[in-house]
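Visitor: I have a few questions about the terms used for this model. Can we go through them one at a time?

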Amino acid sequence: MTASRILVLNSGSSSLKYQLLDMADSSRLAVGLVERIGEGSSRLVHEPLTGPGADGGKRERVGAIADHEVALKAVAAELAADGTGLDSPELAAVGHRVVHGGTRFTRPTVIDEDVLAEIRSLIPLAPLHNPANVTGIEVARSLRADLPQVAVFDTAFHSTLPEYAARYAIDAETARKYAVRRYGFHGTSHAYVSRATAALLGRPVEDVNVIVLHLGNGASASAVRGGVCVETSMGLTPLEGLVMGTRSGDLDPAVIFHLARVGGLSVDEIDSLLNKKSGLLGMCGDNDMREVLRRAGEGDEAASMAFAAYVHRLKKYIGAYSAVLGRVDAVTFTAGVGENAHQVREAAVDGLAELGLALDPEANAVRSSRPRLISAQDARVAVAVVPTDEELEIATQVYALVTR
């Protein structure tokens, strides 16, 4: 029996998302989430998708889950109840989403002590994410020390940026000493969606230039030339770029100095302000685009302004990345907002006919879980909606590594 199953783990500070996939046919066997880890009201939701366990649908339990080790053991128990536990001989590897890989990790990497130490050393570049990623790796290794554990990095897809695009115009020695450069994030999503867009167009990925707009609570844009990322909106951290749910995106750096000198805010207070209290939330009090759209539709001025700022930033990036690529074959929307908010897509493309962009209103209004074109038939540049699948992308990369 050839081992073809990959367990994908995405460890957050108080959550653990997981999927079990069979790469023999890229099917999902189970999906689940453990949230509020460390609290008395922890919640585990497990959904077997195939096999005997699938007949019962989702299973949910609420109760204290002390830490990630307890959480992963609970996940293992749920999988075992379906006959797909961690001890299964069909399990080929565990794939871990790791947010920051620095400049060293540009491809999927089998985790050993040296790799784990390097991931820990990158915590200052991703203090909100890498610690949780490390915890998930440590727990999984303790449960299956004999099984390949593979890290797939959010930053890896963007490691192909030309050096002039990756560098910030600051003192070169300071930048080198403190690893200050553009890294980019959401890489697994941008990689998957750019390839899926080429497939949707029926063209080889090497022949397609695409602007990918990953629009969720976190949001990022990328310019992908022939399958290779040449520019992306997030930078040293996920703060830069588009207006997001709670993050400001692009900002004059002197705002920070101003808030410190005039406002008396500490570095930590400014960090919290820009990452957790800005973006849509900061402008109108809601970070859920559905609520922003509802309020704007009712004439709420703050929500209307937040939406206008959000769309204005999107248009700027579409225009800038059109210039970077020179020729654009497609603009693709993905992630929660990009896939579901037709108003965002309509507003972002409106007025960009000179760039070859125009929507088919009826196609844009359709809700679907399938990749689709929503551009007008006579538009020079395709506009697409492609549901992202980061877990499948991680599993695909992991399986290719452990079976080569």
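Visitor: What makes strands β4 and β5 a pair, and in which sense do they pair?

Guide: This is a predicted model. Two strands pair if DSSP finds at least two bridges between them. Strand β4, residues 43-48, and β5 have four bridges, so they qualify. Their sense is antiparallel. Arg43 stands opposite Val62 in β5.

Visitor: How do you know that the buried residues of α2 line one face?

Guide: The buried residues of α2, residues 113-121, are Val115, Leu116 and Ile119. Seen down the helix axis, they fall within an arc of 100°, so they line one face. Glu113 and Asp114, on the other side of α2, are exposed. The buried residues pack against β6, β7, α3 and β8.

Visitor: What makes Asp112 a cap of α2?

Guide: A side-chain oxygen of Asp112 lies 3.1 Å from the backbone nitrogen of Asp114. The cut-off for a polar contact is 3.5 Å, so this pair is within it. Asp112 caps the N-terminal end of α2.

Technical notes. Residues numbered from 1 in each chain as written. Predicted model: local features only at pLDDT ≥ 70, side-chain atom pairs only at ≥ 80, totals over all residues. Heavy atoms only, no water. Helix = DSSP H or I, 4+ residues; strand = E, 2+ residues; numbered from the N terminus. Buried < 20%, exposed > 50% of the residue type's maximum accessible area, 1.4 Å probe, protein only. Arc of directions from axis to C-beta. Contact = heavy atoms within 4.5 Å. Polar contact = N/O pair within 3.5 Å; in protein donor to acceptor, adjacent residues only side chain to side chain.
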